[in-house]
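Reader: I am new to this structure and would like to go through it step by step. Could you show it to me before I ask about its parts?

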Amino acid sequence: MSAVTVRNLEHHYQSKKNRDRPQVDNVSFDVNSGEMFVLLGPSGCGKTTILRCIAGLIRPSSGEIAIDGKTVAGPTKFVPTYRRDIGLVFQDYAVWPHMTVFENVAFPLRHGSAKKLRRNEIRDQVMASLEMVKLEKYATRDATALSGGQQQRVALARALVREPAVLLLDEPLSNLDAALREQMRHELRQIQQRIRITTLFVTHDQSEALSMATRIGLMRDGVLEEVTTPRDLYQAPKSQHAASAAGAAVFYEGTVEAVEDDGMQRSARVGTPVGRLQARTLGPVQVGQTVTVAVRPEDIEVHPAPPTDRPNVLAAKITSVLFLGPSVDVRLEVAGHTMRSTRPAKGWTQVEDDSAYVELPVDRVHILPA
Ligand SMILES: Nc1ncnc2c1ncn2[C@@H]1O[C@H](COP(=O)(O)OP(=O)(O)OP(=O)(O)O)[C@@H](O)[C@H]1O
Ligand SMILES: [Mg+2]
């Protein structure tokens, strides 16, 4: 079931005299009930604008938005933020100073609720919300006398206290340092899974998107390009933009030389600047077609001697090796072109200027539209 429905959403910040492309261009998607839907895309692509439209902080130029089946924005309708069944958390966690943790979380109940709640009802709901983010012991603490991660948890408790139908999160972890950010990813995901709250999460961070999302909506220049799962975005990207949005990849342009179909799987042979590569194809390709071949660095194997009877083995020379702790980041030259491989550091012995053989396993070579 769809908890948030966005249809043909369009937003122009500028007035009509500035007829540039809209900042949000005909975007449609559904967030299913209970899922964590992540909007992923580079800075400026329109993620926050979409979130603000759903929150009612801006009125979209056109299109329709429904929350829990009720239209909140449309040609003749605009429901203000405080009457939308949502909880909001932004990047700047904005706990209110000079207020205790308890009062911060109680605020939406005292000031936003349609019906007036009794003192003990407020107390119970605030404490339940604080328990959810494991801050019940801090209820009487001044909210600014907390660490960044704790303050962000206060903001989360405040967003959840009214038990909204939908939680809207705009880069909620990006102000936290790296270690805390990773910890908060786990906590946020646990909370979301436990209470099964429908969540729309906006981020430009690929690992955040891959780790948190049930589904990812991939954005670019105001357009929602595709909706996919983290695994498919990573392992079976449909475009060069999708491949790079999910992580590092090397790309080579090539020409399809042959197509084989054994009834089960279709594969193609592609002539590329680094050599001839065999690849699986998902979509239809034709002989003579120009395509882009993409491979992830961790899928590129490096051997000191050439493995026999295996396809996609190319002679290479190691140009640099960086030790990263668990892995090594290896740069190689293959037929005058740069290739990049990430290998486990354990057991790695090769050094700069060594000759080597790279192997690109057939089912890890992706053929994308050029
Ligand atoms: N108030 C505004 N007035 C005019 N243009 C704006 C306004 N806010 C945003 N924009 C423009 O709209 C586009 C989309 O902005 P938006 O904030 O939605 O991007 P974003 O994807 O959230 O980026 P980021 O990852 O940097 O937060 C950008 O080109 C931005 O410059
Ligand atoms: Mg933004």
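**Ligand and sheet**

Author: In this predicted model, the side chain of Ser43 has an N or O atom 2.5 Å from an oxygen atom of ligand 1.

Reader: How much of the accessible area that ligand 1 has on its own does the protein cover?

Author: On its own, ligand 1 has 630 Å² of accessible area. Of this area, the share that the protein covers is 57%.

Reader: Which residue has an N or O atom in its side chain 2.7 Å from an oxygen atom of ligand 1?

Author: The residues that surround ligand 1 include Lys47, Thr48 and Thr49, and the shell as a whole divides into three nonpolar, six polar and two charged residues. Gly46 places a polar backbone atom 3.0 Å from an oxygen atom of the ligand, whereas the side-chain atom at 2.7 Å belongs to Thr48.

Reader: Which strands are the edge strands of the open sheet?

Author: The sheet has six strands with mixed pairing, in the order β7-β8-β9-β3-β10-β11.

Reader: Which residue in β10 is the bridge partner of Leu39?

Author: Strand β3 covers residues 36–40 and pairs with β10, residues 215–220, in the parallel sense over four bridges. Within β10, the bridge partner of Leu39 is Gly217.

Reader: At about what angle to β7 does helix α4 run?

Author: Helix α4, made up of residues 148–160, lies across β7 and β8 (166–170). Relative to β7, the helix runs at about 165°.

Definitions and conventions: Residues are numbered from 1 along each chain as its sequence is written. Chains are lettered from A and ligands numbered from 1 in the order in which they are written. This is a predicted model: local features need pLDDT of at least 70, side-chain atom pairs count only at pLDDT 80 or more; totals for chains, interfaces and linings use all residues. Side-chain values use heavy atoms; hydrogens and water are left out. A residue is near a molecule or strand if one of its heavy atoms lies within 4 Å of it. A polar contact is a pair of N or O atoms within 3.5 Å; within protein, one must be able to donate a hydrogen and the other to accept it, and residues adjacent in sequence count only if both atoms are side-chain atoms. Accessible areas come from the Shrake-Rupley method with a 1.4 Å probe; for residues, only the protein chains shown count as cover. Ala, Val, Leu, Ile, Met, Phe, Trp, Tyr, Cys and Pro count as nonpolar, Asp, Glu, Lys and Arg as charged, and the others, Gly among them, as polar. Two strands pair if DSSP finds at least two bridges between them. Helices (H or I, at least four residues) and strands (E, at least two) are DSSP runs, numbered from the N terminus. Contact means heavy atoms within 4.5 Å. Axes are lines fitted to C-alpha atoms, for helices over the stretch in contact, and angles run from 0 to 180 degrees between N-to-C directions.
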